[in-house]
Every structure is written in C-alpha cells, then in structure tokens.
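This briefing is written for a reader who is meeting the structure for the first time. Please look over the sequence and the model before going through the points below.

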Amino acid sequence: MAVYTLEKIASHIGGTVHGEGSLKIDGVAEIALAAASQITFLANPKYKPILETSSAGAVIIDGNAGIEPEIPYIVAPNAYFGFLQAFLLFNPPQRLLEPGIHETAVIDDSAVIGKNVTIGANCYIGAGVKIGENSRILPNCVILNNSEIGSDCLLYPSVGVREGCRIGKRVIIHNGAVIGSDGFGFAPWQGRFHKIPQVGTVVIEDDVEIGANVTIDRATLGETVIKAGVKLDNLVHIAHNVMVGEHTVMAAQAGISGSTKIGKHVMIGGQVGTVGHISIGDGAQIAAQSGVAKEVEPKEQLFGAPARPIMRAKRIEAVTNNLPELAKRVKKLEKALEKLTSGENE
Amino acid sequence: MAVYTLEKIASHIGGTVHGEGSLKIDGVAEIALAAASQITFLANPKYKPILETSSAGAVIIDGNAGIEPEIPYIVAPNAYFGFLQAFLLFNPPQRLLEPGIHETAVIDDSAVIGKNVTIGANCYIGAGVKIGENSRILPNCVILNNSEIGSDCLLYPSVGVREGCRIGKRVIIHNGAVIGSDGFGFAPWQGRFHKIPQVGTVVIEDDVEIGANVTIDRATLGETVIKAGVKLDNLVHIAHNVMVGEHTVMAAQAGISGSTKIGKHVMIGGQVGTVGHISIGDGAQIAAQSGVAKEVEPKEQLFGAPARPIMRAKRIEAVTNNLPELAKRVKKLEKALEKLTSGENE
Amino acid sequence: MAVYTLEKIASHIGGTVHGEGSLKIDGVAEIALAAASQITFLANPKYKPILETSSAGAVIIDGNAGIEPEIPYIVAPNAYFGFLQAFLLFNPPQRLLEPGIHETAVIDDSAVIGKNVTIGANCYIGAGVKIGENSRILPNCVILNNSEIGSDCLLYPSVGVREGCRIGKRVIIHNGAVIGSDGFGFAPWQGRFHKIPQVGTVVIEDDVEIGANVTIDRATLGETVIKAGVKLDNLVHIAHNVMVGEHTVMAAQAGISGSTKIGKHVMIGGQVGTVGHISIGDGAQIAAQSGVAKEVEPKEQLFGAPARPIMRAKRIEAVTNNLPELAKRVKKLEKALEKLTSGENE
C-alpha cells in the first residue's frame, strides 16, 4: 500500500498544507468512512458537522470554505477535484492495454503511426491515416483513409472516424462515438430525396472530450468544427457544418441542427434541441430540454420549448401552473359582470 | 414440421386445457390467418367475433377474458405471452453462433472463461476479465480489464464494457450498448474544464436487459447501479452515480442525470429527462417526454415539461388548449367594464 | 488537375449551358472564393450582388432564379445539387476500401456473397447471409445469420444487422446503426417483467439511408418495415412493428413507438416522439420536439408537445408568451369590478 506525506499530497494537488505536513497518509475515503490514516475532503461547508465526527486524519478543503478544521488540512483550489487527484495518487489508473500495435490490428502500409502509439486488437487504420505519438486506440476502432489523430489522444473501443477528419491533441473519444458520418442532406426532386454529397469534413481541436455513442456529421462542404476544450456528453448529435466554440459543454442527448454556430463557454443542457442556421452567443446557457428556434445573444439564459429568457420563462411557468384557477376567475368575472349588467337593465 | 398435442402446449406455457387435450397442433398463427391445424390467441375480448369466424383449431385465452370459446382452448396467465411461448415451441430460436471461442477472438491469458461460454469473432477480452458459464458474447464485443460477466448472459455484437464493471446473471445487452463510459464530470477552473477522474464503476444486477446503443456511465466514485430486473430500451442514457431500482423500466431515449436515485417498479416513458441528485419514489410513473426537475413521491404519476401530477397536468393542458379564447374573453370583459365605467362617469 | 468544358459539366449535372459552352473550367468554389477558371453556384437570388463582384468564370443557377448572369452559366433543376455534382466531377470520391474480401473478415461457408462485393477487415458474416453484388461492407460490421443485403449497398463501419433481416438495394447505413435489435416487449407478471420473444424481423426497402447509431427494432411477430426511399438521421429510434412509408424523412433523435404506422412523404423533425399504435397520414409534417399522442391526418402540420395543428399551436404560443400580462389584466378586472360592486353597495 502506498503511503504519502500530507506535504506530498498537497504538492500533487496544487494545494497548501495547514498543520503537520509530515503526517503519513495511506489512502483516501469519503468523510463518513475515512480512517485515521486516510485523507478526506469537504467541499460544502454545511457538512462541517460531519467532519467534526469523522475519524479522518486529514482533510482537503476549498480556500473559500470559511472553516478551519481541527485536523491537519490542505487548502486546494477545488476540494473535490483535489480529492480525486489524491485518489489517483493512491490508485493510479490501470493500464487498459499493453503498449504497442496488436498483431490483429489491420493497418494500411501508408498510415503514419507516431512513437509510443498503442493500437488495440481488431482495429482498422486506413490508407494515409496519421496518428500522433502516445495516442491510444483501443480495440475495434475503425479510422478511415487520410484522417489524422493528434498526439496523446485516447479513443475507447469501437469508435468510428470516417475518412479525412482531423482530430487534435489530447482528445478523448468514448466507446461507439462516430466522427464524420454523412450530413443529413437531400434535395427533394420528383417525389424522391436525392442525396446531396457530403464532401466536407470534421475538425476536432485539442482537449475535446466526446461521449459514448455521440454522432458528429461531416460538413456538406467545408468543415464541421468542434473547437478546443469542448466537452460533449453521451448521445449528443452534431449536424453538418455546425461550429461549436471553445470550452462549450453539452449534456447528454442534446442535438444541434445543421450550420448552427455556437459560441465559446456556452452551456447546453440535456436533450436540448436547436434549429439550424442560427448563432448562439458566447457564454449563453440553455436549460435542459429547451427548444431553441432563433438567435441567442451572448450570456442569454434560456429555458423552455420554445426557449425564452429564463426569468420570463419562469413567470410564464408560474401563471401556467395556475391556469385552471385563472380560467375560473375569468368565468366568475363574466358572471359578476352579467349580473351587474342585467341589474342595470332592470 | 413439429406437431404437439394441446396438452403438451398447455404444459409448455403454464396453462390449462379446456376441451380435447389430445388435439394435434402443427403451428401457431394470428387469429385471422390460423388454419384448422393451428393454435391462435385472444387477449382482448373485443376480438371475440373474429374468433367465431376463425378457422383456428384451438385458442389461448386469458383467465379473465370472460369468454368460453367453442373450439378447444387453453387458459393461460397471459394469453399473448403464452402464444409467444407456443410460437417458440414450434419455432425454436436459431443458434446465433457456433458454441466455443472463435479463433479470431483476442482473450487475455489472465481472463477466466467459464464452461460452455461462446465468444464470437473479433472480440477482445481484457486482462482479469471473468465470464460466467453459458454466457454468449457475440462478435466484435470489447470487454476491458477486470470486468465480470455473470452466467447465462447474452451480449449482442459490438457491445462495449469498460474496465472493472460487474454484470450479473442472465443479463441481455443489445448491439452497441456501452457500459462504464466515463461520467460527464469537469471542474471549471481558469476558463477551462478540467476532467474529474471517473474512478468508480458500474454494477448491473441479474435479469437486466439493456437496449441497443444505450450508454451507462461509470460512477465518479463508487458505483452506478442498475438493480435486478431493470429493462432499458434503446438509446437510453444513464449518467454517473445513478441508481435504478429493481424492475424499473425506461422507454427509448430517456435520460437520467447524475446521482439521481430511481426506486423500484418505476415506469419512465420515452424521451423523459430528469435532473440530477433527485429521488424518484417506488412505483412512480413518468409519461413520455416529461422533464422531471424535483423529487417524485412513490406512486406519483407525472406528465409534462416541467412534470406535474398527471390530473393537474391534464387540467392545465385543457385550459392551455383554449387559451386564445380565454384571452378573447378577458378582452371582452375589459371592454364591457370600460363601457360600464364610462357609463357611470357620464 | 482535371479540366472540363462548361458543356461537359452541364451534361454531367443535367443542365443547359447559356453562353460559351467550350469554356474550360478546372474546379468549383463558393461564390466569394471562386477564381476565373472555376465554376460557382447561385441558388438564392438575394446573393445576386455577390455574383456580380465574383471572379468566377461560370455559375450554376436554378431555372426559376429569375436572373441572367453576365458570365456563362448553366441552368440546372437544382443549383445547389448541381454544384455538388460538379464538385464530385472534379473531386471524385476516394475509394474507402480496397475491393474484395479482407483476409481478416470472418465469413460463414454458407454465406452467399455476390460479385464485386467488398468486405472489410474484422467483419463477421453469419450462416446463410446473402450479400448482393457491388455492395460494400466496411470494417467491423457484424451481420448475423440469414440476413440479406441487396446489391449496391454501403454499410459503414461497425454496423450491426441482426439475424433474419432483409435489406434492399442501394441502402446506405452509417456507422454504428443497429438493424433488428429486439423490440422492447415485456409481460408484467408477479412483480417482474418477462421477456416477450421478439421473433419477427426488419425489412428495409430500396434506397433507404440510415444515420449513425440509429436503432431499428425487429417486430415481435411479423415485420418492422422501412419502405423505399426513407431517410433517417442519426440516433433515430424505430420501435418494433413500426411501418415507415415511402420517402418519409426523420431528423435526428426522433423516436417512434411500437406499431405506429407512418405514411408516405411524411416529414418528422428532430427529437419528435410519437406514442405507439397510431397512424400518421401521408404528407404530414411534424415540427421538431413535438409529442404526437393521437392519429394524424394526411398533410396535417403539427407542432408542440402535445402536438397541435401548427396555426392553432402558434396562436396558443402567442397567448402563452403574454400569460403574465393576461393574469395581471384579470387581476385588474377583479379589482375594478370589486370597486364597482362595493360602490353600488354604498
């Protein structure tokens, strides 16, 4: 079992020790379960009473938590994040695959494979594909001709990358995600839909993470672009020619229609849908299940289907919630007025 | 062609014969198509007239159908289910794969494979994986290190099980489903999202069925749990640290956000979404496309986005449906009142 | 670099030349970027001013665009479609795979593979499968026993076709789509859900295109049918026993519940959900995110959850948008009336 001093843990997670830095710690645990030789964390000040009864030997807290534990502690920029880094220090991630190219992987002779690349069993790597150094392609992935994967990427099993896509560095793609499928474009003509060739591509920049079974369509012409730092949850759909700005996040099952441009630092909730050909400004926030049918200003906060500014949506929601009573009040007014009027006519 | 007596069929489906038990039957067919040598079923009493003109030699009915057919019949606990069991008696399922381990499957030496296990072509089975007896892993599945699959499981092609997951007995997983992908967790810090390590796992208990292209994320810490008997339809998303109680069912494209706890015998409709960190009580029913944003009591029936108790939701819906007329009535009232008031002022 | 005369391009895209047919063109480009040796297109007359400043050597326009460019031009039935055909003339699609059967594909001896079929690496083709001539099965696809794929089909990587499905000619199936997974059918009995055997199949007719990670369930009994010319976008879900009529299109993440019958030339928006066992008439149009809970007449245009006729839905929406003000007006009326009444009582 690994043992580290509090000082070492603080250094690992970018925090500062308060109290005995030479304290020896042999593991991490949640606050209610931690033993005297373990370190825990406290992110929410309301759990302070639990800390007071905890057996933990040390605790990681946020700088702004406003508490001063009686046991030795580490102040970290983000206590929960720091705790998980400490977890990894004690429990380093297992290696998912032996390094190197598995003998059952089928790799075209013209592919260019960087140093220290891992390619798992039953993968197919097409002609002209380039894979940057240290990248790991887990079993059963299929990367078609002339696509490029940057360095330090991690493709989980059964990922599909179609031909001619470009993927940056440190990109993580989870099982079953599809990059570069044809955009959904058809020209209606004489009662049938004729396929519009989808001859564009997909560009995914550095530090993007793409969830399981996500689909990102290639552009009709040009590029579908996922900018640096974007995080997409499982089962998200990105249509052709969409642009997703830097550090934007989308929760599961959101769907973005064709040619929509999404700004930076946008937050899109689960099951949100947007129409095509609109812009969503930087820093906008769209609540879960919203339907966005028109332009969104920077920093706008929207909610609902159709999506409205969140304060307005909540006011409408409050009235809607009492609609049966409102209808009764109108009926009562009508009766009262009728009585008044008929009284006048007497 | 197989031939069975009515008695034999009744025994196979757990029903009781009324009439000639030695009657020979050589197949099953729908009521309008059945020949004299075939057996049909009648689940809905309103189709009784069709039965009277049917050529079927026998019929399977529910005990509570309240009818007494003129032809020999079997009373079954569930007529439709019984009929399908009879169908399988006459049409036993074809074997999807030759038993045994296919020579192209890649299986780590440290994996423990039970008796009578089938592993199809192009599968990858990682280090320390355990697969229980009689389980069938169809082609192109990938099971990463140290995961455990119980006995009598059926994994259809291209299923992905990430490292360290535990799957019970008699679990069925359809094509392309992903078990144990990373939870969607990021710590925002200095304008970027930093990945929170997802070091937990997924536990799937006995008799669970998981639809095609479903995604079930591993816990951040601890376990995402799918309890015994749960049935998930295609394209469902289960986020990290979710708990789904025994015998709960979810229709297609439903999505459950992180850390939400769902009780037993809950029914969740298609495209439903829930927020994270809530509890949904035992026996609750959530209608399709609902958006659940707060705690749900046991046996509550909810509908709508936001989800409301179903009777209330229907009343609101009824008023909403007549909103344009309600607005006109308010306008009429305003005019009438203005007339009254101005009349007073004259 | 390929060079074609304007006449040759017109012939290729089915248009007619106006102006110098012998003009030599060496490429295609968007209107703002085109050089004198390139051809561009103009589909929307409002971009005519851009055309006037464009350096393009020639332009493809619609017959009904109502403009007469000063440079040589081709009148095409659909300018954008024609432009993309011209693009393909200059940039013929790269071959995704070497023709023939890859040595790592596992093909049952009893499978019948047509002439000129391509089967990629790590595919599995089960017993009794038939694949028609010229079809291409990209790497890591799995086609189980007795399924039939027609001629000239294209299955992208990691597609799964379960046993006994029938797929027509010229069908395109994108990565990760699943054809023939079990329908979601369970008989509740004694507190558990018992699997209803799904012994039917899926029939996909000619010229269908199926998006990435789509799921189409097999029928309980009989067939789930996708008729000729249907186009399904990514992540669509089709439940058991559904029938989708000719040339119907569905946008991404739509979900159709069991046994629903959809007519011809229906348009279904993204994230739409329908209940089961209803009919949707020919030519109906369902706007994105709608929830369809009852029969839809031919050519009906619906919107909303629950879905209503679109004009009605918009009127309701307009009133909803002003609900807080409507509630205030009702309150004002109540006060005014109270004042009136109390005045009377003075």
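Predicted model: local features only at pLDDT ≥ 70, side-chain atom pairs only at ≥ 80, totals over all residues.

In chain A, the secondary structure amounts to five helices and 39 strands. The radius of gyration of this chain is 27 Å, well over the 20 Å that the globule rule gives for 346 residues, so chain A is more spread out than a compact globule.

**Overall build of chain A**

- Taken along its principal axes, the C-alpha trace of chain A spans about 95 × 70 × 30 Å.
- Of the 346 residues that make up chain A, 53% count as buried.
- When the contacts in chain A with a separation of 6 or more are considered, residues 24 or more positions apart account for 21% of them.

**Where chain A touches chain B**

- On the one side 48 residues of chain A take part, and they are in contact with 50 residues of chain B.
- The elements of chain A that give two or more residues to the side touching chain B are helix H3 (79-90) and helix H5 (323-345), and of the elements it is H5(A) that gives the most, with eight residues.
- Sorted by class, the residues on the side of chain A that touches chain B divide into 23 nonpolar, 21 polar and four charged.

**Helices H1 and H3 in chain A**

- The axes of helix H1 (residues 6-13) of chain A and of H3(A) come within 9 Å and cross at roughly 115°, and the crossing of these two helices is right-handed.
- From H1(A), the residues that make the contact are A:Ile9, A:His12 and A:Ile13, while H3(A) brings A:Gly82, A:Gln85, A:Ala86 and A:Leu89.
- The contact of H1(A) with H3(A) has four nonpolar and three polar residues, and no charged residues.

**Helices H1 and H3 in chain C**

- In chain C, the axes of helix H1 (residues 6-13) and helix H3 (residues 79-90) come within 9 Å, with a crossing angle of roughly 115°, and the crossing of H1(C) and H3(C) is right-handed.
- The contact is made by C:Ile9, C:His12 and C:Ile13 of H1(C), together with C:Gly82, C:Gln85, C:Ala86 and C:Leu89 of H3(C).
- By class, four nonpolar and three polar residues make up the contact of H1(C) with H3(C), which has no charged residues.

How values were computed: Residues numbered from 1 in each chain as written. Chains lettered and ligands numbered in written order. Contact = placed C-beta atoms within 7 Å. Helix = DSSP H or I, 4+ residues; strand = E, 2+ residues; numbered from the N terminus. Nonpolar A, V, L, I, M, F, W, Y, C, P; charged D, E, K, R; others polar. Axes fitted to C-alpha atoms, helices over the stretch in contact; angles between N-to-C directions. Left-handed = near helix turned anticlockwise from the far one by under 90°. Rg over C-alpha atoms; globule rule 2.2 N^0.38 Å. Buried ≥ 20, exposed ≤ 12 C-beta atoms within 10 Å, placed from the backbone.
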